Each structure stands twice: as structure tokens, then as C-alpha cells.
Amino acid sequence: MKAYRIYLMDAVWCLALAGIALLLRWPALGLEAFHNEDTAGIAYNADLLLRGGLPLVDNVEMKAPGSFYLSSLAWSVFGRSLTVLQAVACGWAILGAIGIYVGGRFLYDRRAGLIASALYTVAAPITDSIDINYGAWMMAPYIWSTVFFIRGQDRNGGRWLIASGITLALAGLLKRQAAVLFPLFALLILAAPLLDRKERWRAHRRPWRQLMLFMGGLALGFAPLMAYYAYRGHLGDFI
């Protein structure tokens, strides 16, 4: 019964975060307009995919391609309009805010998660009413990669390190700057035996194995898009 109440409180707070984020985003949800140049580039490449083209091959494009595929998928399912992208990006931002809450709970306690997620939802640019740029798409998997990495520091956390690698790869496909987490996470894994931590977070006896699991997750995350470009004969352009 106690566990049920805990989960119920978690669900209520996540719904509250969603409501706050939706309220902040509401002014732009019905606007059919480009709010910045990134939106235009993402929409152009999503259109290119819907017409059978291939970003990085059929155009001159310097940005990571992940948001193009997410946007074209959203348009395929819900219809082609900028309001669709606004709505999907709003849900994506809410997913990131929930990740902040979960990460705070893992690291400290529910109070820490409540405070951090509330501040993030109110202050973070990705819940702004006009922001659907590359960084906004990157943040949710970037946050969840960190959450999974924190969870992976537990004694039986190998599968969470794989999940961390997969979500970090997704973040990198959405914006290349997400790669800054890789050396940090790798260093933390290797340095873990040197850290004085509580029993629940005790160091893994085989840090190199943990690093391989994390890197395996990265490979799994990049594999589908790499395979698609290879199938189209343009793996070199993707790399």
C-alpha cells in the first residue's frame, strides 16, 4: 500500500509538470509560423525525407540529422504542419522535465526531484513557447541518458548503462554537442573504484566491463540510422 501511494504521488507530480509545460507552451501551439531559422531547416529536411530524399546527401547540410527523421515521422502520423511540430516538441519537452524529476529522485530524494523538475520546467528554454530548435530536440534523450547513467552506478546497473549509451547516441543524432557527455561518463566509470561512495552506489569491480556495456549501448543507438544510410549506399556521407 505504501508503494502504491509513492507511485501515485510520482504520477500526480508528472501530470502537474505536464500541465505547467503545456501552459507555458500554449501561446505557440496554434501558430503556423517559423519561429527561428533552425525550425526552417528542420522542416525543409523533414519535407525532403517525405519526398524520398536523403539529408546530408541530397542537400548541403551541416546539422545532425536526427530531428529531421523525428519531424518527418511526426508529419507522417499527425499531418504536415508546424503546429504538429509544436505539439510534438511540447510532449518531448515534458518527457525531459520528467527525466529531471526521476534523476533527482535517484540521486537524492523526492523533494530534490520536485524542486529540480519544477525549476527546469519553468526556466528551461525547451519549454519556451517558440523553441523547437536542435537543442530542444536533443535535451530529452540527453537528460534521460544522464538518468540511466546514474541508475547504472548501482550494483546491478549494467542494463542501465546500455540504456544510457543508447539514449546518448540518440541525443547526439539530434545535436552533435551531446557528445560532451561521453568522455565524462567514461571517466566516471573508470574512476569509480577510486571514489568513496555509499554501499548502494559501491564501485563496480570490473569498470572496463561497465565501459564496454556503455559503449555497446552507444553502438546500438547509432546502428539503425547508420544501417539505413549504408542500405542507401551513403554511409560515408553519414559518417
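Helices are taken here as DSSP runs of at least four residues, numbered from the N terminus, and on this basis Leu-56 of the predicted model is assigned to the loop between helix 2 and helix 3 (66-78). The backbone of Leu-56 has a phi near 80 degrees, a positive value in a residue other than glycine. With a relative accessible area of 13%, Leu-56 falls under the 20% cut-off and is therefore classed as buried.

Ala-43 belongs to helix 2 (residues 37-50), and because its relative accessibility is 6%, below the limit of 20%, Ala-43 also counts as buried. Although Ala-43 and Trp-75 are 32 residues apart along the chain, their C-alpha atoms are separated by 9.8 Å.

Helix 5 (residues 110-123) comprises 14 residues, and the distance from its first C-alpha to its last is 20 Å, close to the 20 Å expected at 1.5 Å a residue. At the N-terminal end, helix 5 is capped by Asp-109, a side-chain oxygen of which lies 3.2 Å from the backbone nitrogen of Arg-111. The buried residues of this helix are Gly-113, Ser-117, Tyr-120 and Thr-121. When helix 5 is viewed down its axis, these buried residues fall within an arc of 95 degrees, so they line one face of the helix. Such a pattern can be read against the geometry of an α-helix, which has 3.6 residues a turn, so that residues three or four places apart point the same way. The face of helix 5 turned away from the buried side carries the exposed residues Arg-111, Leu-119, Val-122 and Ala-123.

Two or more lining residues are contributed by each of helix 7 (158-174), helix 9 (207-231) and helix 10 (235-238). Classified by residue type, the lining of the largest pocket contains 15 nonpolar residues, together with one polar and three charged residues.

Met-215 is located in helix 9. The relative accessible area of Met-215 is 36%, a value between the 20% and 50% limits, and the residue is therefore described as partly exposed. Met-215 and Ala-186 are 29 residues apart in sequence, while the distance between them in space, taken from C-alpha to C-alpha, is 8.8 Å.

Terms used: Residues are numbered from 1 along each chain as its sequence is written. This is a predicted model: local features need pLDDT of at least 70, side-chain atom pairs count only at pLDDT 80 or more; totals for chains, interfaces and linings use all residues. Side-chain values use heavy atoms; hydrogens and water are left out. Ala, Val, Leu, Ile, Met, Phe, Trp, Tyr, Cys and Pro count as nonpolar, Asp, Glu, Lys and Arg as charged, and the others, Gly among them, as polar. The expected span of a helix is 1.5 Å times one less than its number of residues. Buried means under 20% relative accessible area, exposed over 50%, partly exposed in between (1.4 Å probe, protein chains only). The arc is that of the directions from the helix axis to the C-beta atoms. A polar contact is a pair of N or O atoms within 3.5 Å; within protein, one must be able to donate a hydrogen and the other to accept it, and residues adjacent in sequence count only if both atoms are side-chain atoms.
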